[in-house]
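Please have the sequence and the structure open as you read.

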Amino acid sequence: MRNMAEHPAVRTIFAPYDSGHRGLRMGAGPDHLMDNGLPEMLCSAERPSLSFAHVLPEVDPPAEVATAFELDRLVSEQVREAVAEGEVPLVLSGNCNTSVGTIAGLGAADLGVVWFDAHADFNTPETTTTGFTDGMGLAVAVGHCWKAMARGVPGFSPVAERDVVLAGVRAVEPSEEERLASSDVSVVGADRIGLEGPSTLEAALDGLKSRVRRVYVHLDLDILDPEKAGKANEFAPEGGLSVEDLKTALGMVRERFPVAAAGIASYDPAFDPDGCVLAVALACARMLTAPEKSAV
């Protein structure tokens, strides 16, 4: 039989901020998930207890960049504490750049990143045309920008480019295309997954498995096709993955790696009146935090 050690507790870490503002737009997503079935989805007979933590930055006045990195610092502390206590960290955030805090809490040694996102998040302050720090999350994670701010996040060191798989991307700016092409990041676009199915990820994941022992899975919910699966937020572009393809892709990750931590981001409930994206998010949270397969 499986014992409690094989069903580690989940610590859900809430960072309900969008562009430095609490509960605004995508910042409303984490609490909406909490209030609409997340505890029930994560709980089981083998895992009867869960823990929850809200991070509360004290940046005054709120500023997008300062608040983003303060959130990273707070998230890193929670993730590190969760791991030390044998818990699986699940980070629910408004923006993608809290991934820097999660990586810092885990430590980059032997860690790979599987980044599911409609957007590449590979801009830098020099290339961005919007100034939106959320579009720089992956670039920060691999050490391309905001280096001084990132050094202030306890435990952070960049993940090697070759240890990142960017999956399902479909909205890439020309400057990002150039930067990705000159990097060692493995890119598997939404168009390839749509044409060939999730199995097109296998080569990238197998290559990653040869280099790392565990992964952080980042799931931006605008990876979903707005027509087939529901619109996660105002930035979700046309195309994307079906619910079935996303679940299959996550299953492929789980088959190959221990998931050291998972992050779910960019859900704005105002764009999901029928709850389709909510249901997908809850199911994915359960998949990503489920115990590893073991003998009965």
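Two strands pair if DSSP finds at least two bridges between them; strands (E, at least two residues) and helices (H or I, at least four) are DSSP runs, numbered from the N terminus. This is a predicted model, in which local features need pLDDT of at least 70 and side-chain atom pairs count only at pLDDT 80 or more, while totals for chains, interfaces and linings use all residues. Residues are numbered from 1 along each chain as its sequence is written, and side-chain values use heavy atoms, leaving out hydrogens and water.

| Partner of E9 | Bridges and sense | Residues opposite each other |
|---|---|---|
| E6 (residues 111-116) | six, parallel | Val113 and Tyr216 |
| E10 (residues 259-265) | six, parallel | His218 and Gly263 |

Together with helix H10 (residues 243-256), E9 and E10 form a right-handed β-α-β unit; right-handed means that, with the strands pointing away from the viewer, the path from the first strand over the helix to the second runs clockwise.

How many residues of E9 are buried? Seven of its seven are (buried: under 20% relative accessible area, 1.4 Å probe, protein chains only). Arg214, Tyr216, His218 and Asp220 point one way, and Val215, Val217 and Leu219 the other.

Terms used:
Buried < 20%, exposed > 50% of the residue type's maximum accessible area, 1.4 Å probe, protein only.
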